[in-house]
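Subject: Structure handover and findings

Hello,

Please load it before reading on; my notes follow below.

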Amino acid sequence: MNDKQSEFAERLKIFESDSGKAIKVKYDYPLSFCSTFRIGGNADAAAFPENSSELIEIYRAAAEAEIPVFIAGNASNILFDDSGYRGVVLFTTGMKNIGFDGEKIHAESGAMLTSLSSFAQKKSVAGFSFLYGIPGTVGGGLYMNCGAFGGEISDILTESTYYEPDSDEIVTIGNTDHGFGYRKSCYQNSDKIILSASFRAESGDAEKIRSEMDERMAYRSEKQPLDLPSAGSVFKRYPGYYTSRLIEEAGLKGRAVGGACVSKKHAGFIVNLGGATASDVKELINQIKAEIFNRYGIHIECEIVFAPSC
């Protein structure tokens, strides 16, 4: 460990001593182990909090040690750099509690969206089936205002709670304060760290909901390359176009750079055929963007998140 890592570890020990519970932190940790892309160099530290208190203490310890922090959720739409990350990468998958109070469903930020959908179905709550099969977390879903099959998470959210590092406060905001748009929310380009969210609960028929979920998962299995590592849909829709259709019509299915390849099953996905690097993926993305601009005169934007390499 270097001096800053040692200071970070020592500060965490103070919290652990007070709480009586060790926080899971791994040093010099391969980010490829946690990425659905199976790509990325080593992080100085990878932290796995199991509740909001642990997450906040990890962030505080890193800040006091002047170590940068990157919030990765479960890294299902993130491309980590080949050089790794010189700081703490914080994974929220241990924060996965989901509850129901009869009026709302409450979920921690690390709960998987598929788990949230399944929980709602078991409680006969309608409106969550579009989330089934999305590989991200509640926090990631809010960050991106994720959606599928005509639904978006903004449609069902009532409020969310976040940690504000600058003021060291926990804040709760309502739906209309989120600045939601297509793949957009107030959490982007901010330091706010999502802790939990609550969702409206409208009564539905459990069997009908289960049928919808099964149909949507069957569609995903048929249309998407779920058998290969990827970060999901690479590009946002361009207004008036389906970006994957533009990529397919440009003849880019199967285009490869190193181990990274445009999926032959769904042109909106880049898959890791084995040994792909972040550089391979970035170069392939650049080629796709250039080809689409040359053919159609439009600039397409990425939906996946590029982790910093500091």
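Helices (H or I, at least four residues) and strands (E, at least two) are DSSP runs, numbered from the N terminus. This is a predicted model: local features need pLDDT of at least 70, side-chain atom pairs count only at pLDDT 80 or more, and totals for chains, interfaces and linings use all residues. Residues are numbered from 1 along each chain as its sequence is written, and side-chain values use heavy atoms, with hydrogens and water left out.

**A loop residue, Asn 145**

Asn 145 sits in the loop between α4 (138-144) and β9 (147-148). Its relative accessible area is 0%, so Asn 145 is buried. Buried means under 20% relative accessible area, exposed over 50%, and partly exposed in between (1.4 Å probe, protein chains only). Contact means heavy atoms within 4.5 Å. Leaving aside neighbours within four places in sequence, Asn 145 is in contact with Glu 152, Ile 153, Ser 154, Phe 180, Gly 181, Arg 183 and Lys 184.

**The β1-β2-β5-β3 sheet**

This is an open sheet of four strands, and its pairing is mixed. Two strands pair if DSSP finds at least two bridges between them. β1 (24-30) and β3 (69-73) are the edge strands, each pairing on one side only. From one strand to the next, the twist averages 30°.

The pairings are as follows:

- β1 and β2 (residues 42-48) run antiparallel, joined by six bridges. Lys 24 has Phe 48 in β2 as its bridge partner.
- β2 and β5 are parallel, over four bridges. Ala 47 stands opposite Leu 90 in β5.
- β3 and β5 are also parallel, over four bridges. Val 69 has Val 88 in β5 as its bridge partner.

β5 is mostly covered, with six of its seven residues buried.

Angles run from 0 to 180 degrees between N-to-C directions, and axes are lines fitted to C-alpha atoms, for helices over the stretch in contact. Helix α1 (residues 3-19) touches β1, β2 and β5 (85-91), and its direction makes about 160° with that of β1. Helix α2 (residues 52-64) touches β2, β3 and β5, at about 170° to the direction of β5.

**The β15-β18-β17-β16 sheet**

Here four strands form an open sheet with antiparallel pairing. β15 (230-233) and β16 (256-257) stand at the edges with a single partner strand each, so one side of each has no neighbour in the sheet. β17 and β18 (residues 269-272) are joined by three bridges and run antiparallel. Val 262 has Ile 270 in β18 as its bridge partner.

**Helix α7**

α7 lies across β16, β17 and β18, at about 30° to β17. The helix has 19 residues and reaches 27 Å from its first C-alpha to its last, close to the 27 Å expected at 1.5 Å a residue. That expected span is 1.5 Å times one less than the number of residues.

Which residues of α7 are buried? They are Ala 278, Asp 280, Val 281, Leu 284, Ile 285, Ile 288 and Ile 292. Seen down the axis of α7, they fall within an arc of 155°, so they line one face of the helix. The arc is that of the directions from the helix axis to the C-beta atoms. Their cover includes β4 (78-79), α6, β16, β17, β18 and β19 (305-306). Just after α7, Gly 297 takes a positive phi of about 70°.

**Nonpolar cores**

A nonpolar core is a set of buried Ala, Val, Leu, Ile, Met, Phe, Trp, Tyr and Cys residues joined through side-chain atoms within 4.5 Å. The largest one has 26 residues, and Phe 235, Ile 247, Ile 270, Val 281, Ile 285, Ile 288 and Ile 292 touch the most other members. α6 (243-249), β17 (260-262) and α7 (278-296) each give two or more residues to this core. α7 gives the most, with six residues.

Beyond four places in sequence, Ile 247 is in contact with Phe 235, Leu 252, Lys 253, Val 262, Ala 267, Ile 288 and Ile 292. A second, separate core has 25 residues, including Ala 111, Ala 120, Phe 128 and Ile 134.

Best regards
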